[in-house]
Amino acid sequence: MFRIFKIASILIFLGGMTNAQATLIKEEQAFLKQQFTEVPKAQYLWLTGDLKKQTIAILGHRYPKIRVAYWQRPQTPNQTVWILEEIGKEKPITIGISITDNQIESLRILKFRESRGWEVKLPSFTQQFDNVNYKNQQLSRSIDGISGATLSVRAVTKIAKLALLFHHKVTNK
Amino acid sequence: MKKQPSSLSFKQKSARKIHRLLGVFIAIGLIYITLTGILLNHSESLKLDKQIVTHPLILKWYQIEAPQIKQSIKLDNQWLIQLDSNLFWNQTPLPLNGDLYSAFKHQILIYAIIDQNLSLLTEQGEWVDTFSLPKDITHPDQVEWRVNPNTGLVSIRYQDKYWQINEDLTGFIALKSDSGFNKIKAPTSVEVPPQLKASLLNQNGSLHWERVIVDLHNGYFFGSIGPYLLDLFALLLLMMVISGLRLLLK
C-alpha cells in the first residue's frame, strides 16, 4: 500500500488540471449526470489489505480490478456513487449505485449483456434496494429473487453489498 | 459307434467354423471395448476429465486448433503471455483479452498495449485499469515508450505525436514534444520456458482425454459409421455366442 502511495505521490508532482480521456460508456455517463448536477472528477479506492479480503468474502472471488472509481462531491461527502461490475452467468453486468448516509439511494442496471435474466433491469427489482444498508455482513432487507434470473439477482445483490462496504470505507477514512 | 446323421454333423461343423472365424475378430473387438470401458470406469481417479489433449493428430482429427502462444514478454522474472487472444500473468488468466503489442515495467506498474488500449497491471499481475489509446494511433505496434527520469511519468510516441499518461492513470494528455522524456526499449517477445508453456497449454485446451475415450468406446471417434461398426461387432458377438451354445449341444 505504501509503495502505491509513493508512486501516486510522484505522479501528482505537476498538479494542475488533467485531461483524462472519457472511458465511461454512455449509460454510465448518463447515470452520473442523474446523480450530480455537476459530475465531479473520479476518485479511486484501492482494494488492498483488509478491504481486498472483505471484497473476496462478499464476491467469492477477487474484484477484477485492484482499484475502483467512485464519485463524491466535497460539498456532500456523505454521498458516493459507484459503477461496479459482476459476472451474472457468463458476462459482466454493469451496475450504478448511489449511496447516501450508508443507505442505497438508487441502484440501476447500466449494462446487461446476458441473454437471460434481463428482468433485473426492471424498476420493480432494483427499487428493492432503495434505503437498504449493510449490517453484520447482510443487507438490511431481504431481496426477492426472480425465477430464471437467479445468477443475475445474486450478482446484483453482491454488488449492492460491495458498494455499501466501499462507501463505508471511503466516508470513514 | 453310432453314426451321427449327416445333417446334424454338418450343423456342428458349421458352428465350429463360424465360432473359430468369429473368435479372431471378436477377440480384437473385446480387447478394444474392455480397455476403453475400464478407462472410463476409472476416469475420475485417472483424471481423464482434467487432462487436456495436446497431440496434434488427435486435435486435427477433431478439427480443433491447439492454443498458440502469440506473444510472451518477460518482465523481471514474470511473464505476460498472450495465448490465442487471452492474456495471462504467468499461469494466471487475466481479465483482459486481445492482441498484446508491447509491455514494459516501470517502478511498480506494468504498462501494456493490448489492442487499442493501454492496460496497467501491478507488479503482481493485478489489473489496475484499462483506457483507450489516443484515436490517432492506428498501428499500436508502432508505439514507442518514454519515461521522464525526474518525474517518473510515462509517455508514448507515435509517428511524430506524443502523449503523456495522466497522473490519475486514467488517460492521456497530448504533449507538443517529448523533451524531458527518455526513450525506453521495451522487451521483445521471447520463448516461454517449456514448463510454463506446457502448463499453459494443458490448462487451456478444450478437448479432454475422457471425451476421446468415450468417443472411442461408442464408436463416434470414427465418424457416423462408428456406431454401426460397433453394432456389427455386437451382432458378430451374438453369432459367436449362438455358435458356441450349438457346440455345447450333443
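Accessible areas here come from the Shrake-Rupley method with a 1.4 Å probe. This is a predicted model. The report takes the two chains in turn.

**The chains side by side**

| Property | Chain A | Chain B |
|---|---|---|
| Secondary structure | five helices and seven strands | five helices and 13 strands |
| Buried share of residues | 43% of 173 residues | 41% of 250 residues |

**Chain B: overall form**

Chain B comes to five helices and 13 strands. Its radius of gyration is 32 Å, well over the 18 Å that the globule rule gives for 250 residues, so chain B is more spread out than a compact globule. The C-alpha trace of chain B spans about 120 × 30 × 25 Å along its principal axes.

Take the contacts in chain B between residues at least 6 apart in sequence: 52% of them join residues at least 24 apart.

**Chain B: a nonpolar patch**

Five residues make a nonpolar surface patch of about 540 Å²: B:F222, B:I225, B:Y228, B:L229 and B:L232. Where does B:I225 sit? Its place is the loop between α4 (209–218) and α5 (226–248) of chain B. Exposed means over 50% relative accessible area. B:I225 has 52% relative accessibility, so it counts as exposed.

**Chain A: order of elements**

Along the sequence, chain A follows the pattern α-α-β-α-β-β-β-β-α-β-β-α. Of its contacts with a separation of 6 or more, 55% are between residues 24 or more positions apart.

**Chain A: a hairpin**

Strands β4 (residues 92–100) and β5 (residues 103–112) of chain A pair in the antiparallel sense, over eight bridges. A:T100 stands opposite A:Q103 in β5(A). The two strands form a hairpin, with two residues between them. One residue in the turn, A:D101, has a positive phi of about 50°. In a regular strand the side chains alternate between the two faces of the sheet.

**Chain A: a residue in helix α5**

A:S152 lies in helix α5 (residues 150–171) of chain A. Is A:S152 buried or exposed? Buried means under 20% relative accessible area. A:S152 has a relative accessible area of 4%, so it is buried. Which residues does A:S152 touch, not counting those up to four places away in sequence? They are A:I93, A:F112, A:R116, A:G117 and A:V120.

Definitions and conventions
Residues numbered from 1 in each chain as written. Chains lettered and ligands numbered in written order. Predicted model: local features only at pLDDT ≥ 70, side-chain atom pairs only at ≥ 80, totals over all residues. Heavy atoms only, no water. Patch = residues over 30% accessible without salt bridge, like charges linked within 9 Å, V, L, I, M, F, W, Y side chains within 5 Å. Salt bridge = Lys/Arg side-chain N within 4 Å of Asp/Glu carboxyl O. Helix = DSSP H or I, 4+ residues; strand = E, 2+ residues; numbered from the N terminus. Buried < 20%, exposed > 50% of the residue type's maximum accessible area, 1.4 Å probe, protein only. Rg over C-alpha atoms; globule rule 2.2 N^0.38 Å. Contact = heavy atoms within 4.5 Å. Pairing = 2+ DSSP bridges.
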